[in-house]
Amino acid sequence: PEGYLYLSLGDDNTNTLSQNLGDLRGSLLRIDPFNNDALPVNASITVRNYAIPADNPFVNTPGVMPEIFAYGFRNPWRFSIDLVTGDVWLGDVGESNREEINLIAPGGNYGWPHKEGTLCFNTVPCDRADWVDPVVEYARDEGISVIAGFVYRGTDLPEMSGKLIFSEWSSGVVWALDFDPQTGEGTRVAIGNVRTFSVVSWGQDNAGEIYAVADAHAKLVA
């Protein structure tokens, strides 16, 4: 909404880079592609054709890449920005136990690889206050790859207004997330199923209507 470009990068197979703020991987990035301002003192490269937004959380923080907007992700597939509130929602595909949907806070640390969802992964205990928990998570008995979508802001389905639409790749189930900003809690309700494998991404038009990107054999069952 502010004219900046957001992009997400996964961690690598060593599961070490998402907590390394000197590396861009395992993070959600935010840049200004239309300008080329003076380089911050912690610029990742010395010559580039984009600028760092002045309100990025780590601008001029020594040792931290200023492009980083939030970090601690394993495989952030995918994220979107609410057309009305500007909230950033991100799905993070887990390693072995949890799939998760996160509400992004600037500078937030979402815990990977110390945590997978709300579970400890390679750090015990894993209840540090600066590791942000997901709004919603589910276990491997429900799926293996979350496909995060968009907050519905269209008019065709008024009962879905304000709800984040997302899905599970392996089962084809589609959920609507009802989020309470006062409590920070969310509940998900299954609203359909795409058979057979499955939704791989989502799209949204300027009117707020949502599109599912599915493979050639998928069929929507509402």
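Lysine 163 is buried in this predicted model, with a relative accessible area of 17%. Its salt-bridge partner is aspartate 178, and the two side chains meet at 3.4 Å, N to O. Lysine 163 sits in the loop between β10 (146-147) and β11 (164-168), while aspartate 178 belongs to strand β12 (residues 173-180), so this pair ties together parts that are 15 residues apart in sequence. Aspartate 178 itself is partly exposed, at a relative accessible area of 40%.

Some salt bridges here share partners, too: Glu2, Arg30 and Asp55 are joined that way into one network.

How many salt bridges are there? The count comes to 11. Here are some of them, including the one we started with:

| Salt bridge | N to O distance |
|---|---|
| arginine 25 – aspartate 23 | 3.0 Å |
| arginine 128 – aspartate 130 | 2.6 Å |
| lysine 163 – aspartate 178 | 3.4 Å |

Now for a look at how the other two pairs in the table sit. Is aspartate 23 buried or exposed? Because buried means under 20% relative accessible area, aspartate 23 counts as buried with its 14%. Its partner in the salt bridge, arginine 25, is partly exposed, with a relative accessible area of 37%.

Then there's the pair of arginine 128 and aspartate 130, whose side chains meet in a salt bridge. Arginine 128 is partly exposed at 45% relative accessible area, and aspartate 130 also counts as partly exposed, at 39% relative accessibility.

Methods:
Residues numbered from 1 in each chain as written. Predicted model: local features only at pLDDT ≥ 70, side-chain atom pairs only at ≥ 80, totals over all residues. Heavy atoms only, no water. Salt bridge = Lys/Arg side-chain N within 4 Å of Asp/Glu carboxyl O. Buried < 20%, exposed > 50% of the residue type's maximum accessible area, 1.4 Å probe, protein only. Helix = DSSP H or I, 4+ residues; strand = E, 2+ residues; numbered from the N terminus.
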